[in-house]
Every structure is written in structure tokens, then in C-alpha cells.
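Please consult the sequence and structure shown here alongside the text.

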Amino acid sequence: MLWGRQTATRRDDFESFYRFEADRLHRALAVTLGDPQLAREAADEAMARIYANWGRGP
């Protein structure tokens, strides 16, 4: 069940990254955009795109 372990590790790694970076990204976008709700949407979209490519390499 190697594939299952890789998927779990990928998810766990991303969850750690998300917990560490999501708030900081949201705050930076809120300051830049001047709209906290738009910043939350932009941060969520960015994180979704990062996750879609997580583990694919540079």
C-alpha cells in the first residue's frame, strides 16, 4: 500500500505547510488588497492551486 502512504504523507506535508502559511498569506493579501473577504478568497484559491501541484517538483 505504498501509494496510500505517499498520499497520506503528501496530505500531511501540505497540512503542515497550510497551518504555517495560510494566516500569513491572508494577512498579506488583506493589506495589499484592502478587502479582507477578497483576501480570504484569494488565499484559499492560492492554497488550492498549491495543493493541486504539491509534490510535483519545481
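**Aromatic pairs in a predicted model**

Five aromatic pairs are counted when rings of Phe, Tyr and Trp (its six-membered ring) are paired at centres within 6.5 Å, planes under 30 degrees apart being stacked, over 60 edge-to-face and the rest tilted. This is a predicted model in which local features need pLDDT of at least 70 and side-chain atom pairs pLDDT 80 or more, while totals for chains, interfaces and linings use all residues. Residues are numbered from 1 along each chain as its sequence is written, and side-chain values use heavy atoms, without hydrogens and water.

*Ring geometry*
- Phe 14 and Phe 17 form a tilted pair, because their ring centres are 6.0 Å apart and their planes stand at 45 degrees.
- Both residues belong to helix H1 (residues 2-33), three residues apart, about one turn of the helix.
- Phe 17 also forms a tilted pair with Trp 54, at 5.1 Å centre to centre and 40 degrees between the planes.
- This second pair links distant parts of the chain, since Trp 54 lies in the segment after helix H2 (36-53), 37 residues from Phe 17.
- Ring pairs join Phe 14, Phe 17, Tyr 18, Tyr 51 and Trp 54 into a cluster.

- Phe 14 is buried, at 9% relative accessible area, where buried means under 20%, exposed over 50% and partly exposed in between (1.4 Å probe, protein chains only).
- Phe 17 is partly exposed at 25%, and Trp 54 is likewise partly exposed at 24%.

*Whole chain*
- The protein chain has two helices and zero strands, taken as DSSP runs (helices H or I, at least four residues; strands E, at least two) numbered from the N terminus.
- Of the 58 residues in the protein chain, 12% are buried.
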